[in-house]
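Subject: Structure for your review

Dear colleague,

Please find below the structure that I am handing over to you.

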Amino acid sequence: MAPPEVESESPIVEAGESMSIPPQAHDSPISTILIVIAMQTEALPLVNKFQLRDDVDSVFPKGVPWVRYYGTYKDLKINIIWPGKDTVLGVDSVGTVSASLVTYASIQALQPDLIINAGTSGGFKAKGAGIGDVFLASDVAFHDRRIPIPVFDLYGVGSRQAFSTPNLLKTLNPKVGKLSTGDSLDMSPQDEASIISNDAVVKDMEGAAIAYVADLLKVPAIFVKAVTDIVDGEKPAAEEFLQNLAAVTAALDEAVTQIVDFISGKRLSQL
């Protein structure tokens, strides 16, 4: 394990393949968890739940808005990372660019054993999603990187499998489905076609970007998404998202807490 409040490095998966972790990594107890969350509203309940403190002497470069909360919960060192507020407009720094940057910087600084990307999402009723449902993503992909050239098209989709957690699934029995990521809250006809092609049950604005970085740096990652709005429903996505954000965040935080409780005391191979 690495310096104080900082831990070891672990792997993930090549695009479209199952994540494989070196045998020696399986023998190491999970010590440090990195939880990446896009919005302050989603992060703060977990900060309070795990009794984390603000990182005053930031591990991040000077001037960036990224926020780290850290502390110890049971036998785990927990780091919750939130990209912070946009320095010009003052809104949460959502989307793939902020997510990938802060994930890269956090892995470099904190050397986590496992990444959890937790957040709210849109869901598809045609695939069985309802408001407040929490999904553990089996696969992640992009739906707005359209490059209609052979092989580049596959790169654009960027399909990756989440880290395999059969024992966690058996114990907690969460809903499972594919996650599709794009940089827009709404859904254009082109996005819809790509999401259908991805066979996604839920859509967000960060997951596939975090998966890409985790894959590059060989850190296992799982994705926990709670449904705030029904994408193929009758209400406008933005209206439904804001209406349900607080209640669905509570469901998300409960699910993340259960997952962290399950992880405590285990090795990667035991997940």
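This is a predicted model: local features need pLDDT of at least 70, side-chain atom pairs count only at pLDDT 80 or more; totals for chains, interfaces and linings use all residues.

Residues are numbered from 1 along each chain as its sequence is written, and side-chain values use heavy atoms, with hydrogens and water left out.

Pockets

A pocket here is an open set of points on a 1 Å grid over the protein atoms alone, where a 1.4 Å probe fits, with protein on both sides within 12 Å along at least five of seven lines; lining residues have an atom within 4 Å of a point. A volume is the space filled by probe spheres set on the points, which are joined across faces, edges and corners. Helices (H or I, at least four residues) and strands (E, at least two) are DSSP runs, numbered from the N terminus.

The largest pocket has a volume of about 280 Å³. It is lined by 18 residues, of which Met39, Thr120, Leu185, Met205 and Phe241 are the closest to its centre. Strands E5 (114-123), E9 (200-204) and E10 (221-230) each give two or more residues to this lining, and E5 gives the most, with 5 residues. By class, the lining of the largest pocket holds 7 nonpolar, 5 polar and 6 charged residues. In this scheme Ala, Val, Leu, Ile, Met, Phe, Trp, Tyr, Cys and Pro are nonpolar, Asp, Glu, Lys and Arg are charged, and the others, Gly among them, are polar.

The second largest pocket has a volume of about 160 Å³. At least two of its lining residues come from each of strand E6 (134-142), helix H5 (166-172) and helix H8 (237-263), and H8 gives the most, with 5 residues. This lining divides into 10 nonpolar, 1 polar and 1 charged; among its residues are Leu136, Val224 and Ile259.

Strands

Two strands pair if DSSP finds at least two bridges between them. E5 and E10 run parallel and are joined by 9 bridges. Ala118 has Val224 in E10 as its bridge partner, and Thr120 stands opposite Ala226 in E10. E10 also pairs with E6, in the antiparallel sense over 3 bridges, where Leu136 stands opposite Val224.

Strand E1 (residues 32-36) pairs with E5 in the parallel sense over 4 bridges, with Asn117 in E5 as the bridge partner of Val36. E5 and E9 run antiparallel and are joined by 2 bridges; Gly123 has Val202 in E9 as its bridge partner.

Buried means under 20% relative accessible area, exposed over 50% and partly exposed in between (1.4 Å probe, protein chains only). In E5, 10 of the 10 residues are buried, so this strand is largely enclosed by the rest of the structure. E10 is likewise largely enclosed, because 10 of its 10 residues are buried.

Helix H8

H8 bends by about 60° at Leu245, the bend being the angle between axes fitted to the seven residues ending there and the seven starting there. The end C-alpha atoms of this helix of 27 residues are only 33 Å apart, short of the 39 Å that a straight helix would reach at 1.5 Å a residue; the expected span is 1.5 Å times one less than the number of residues. Just after H8, Gly265 takes a positive phi of about 85°.

Yours sincerely
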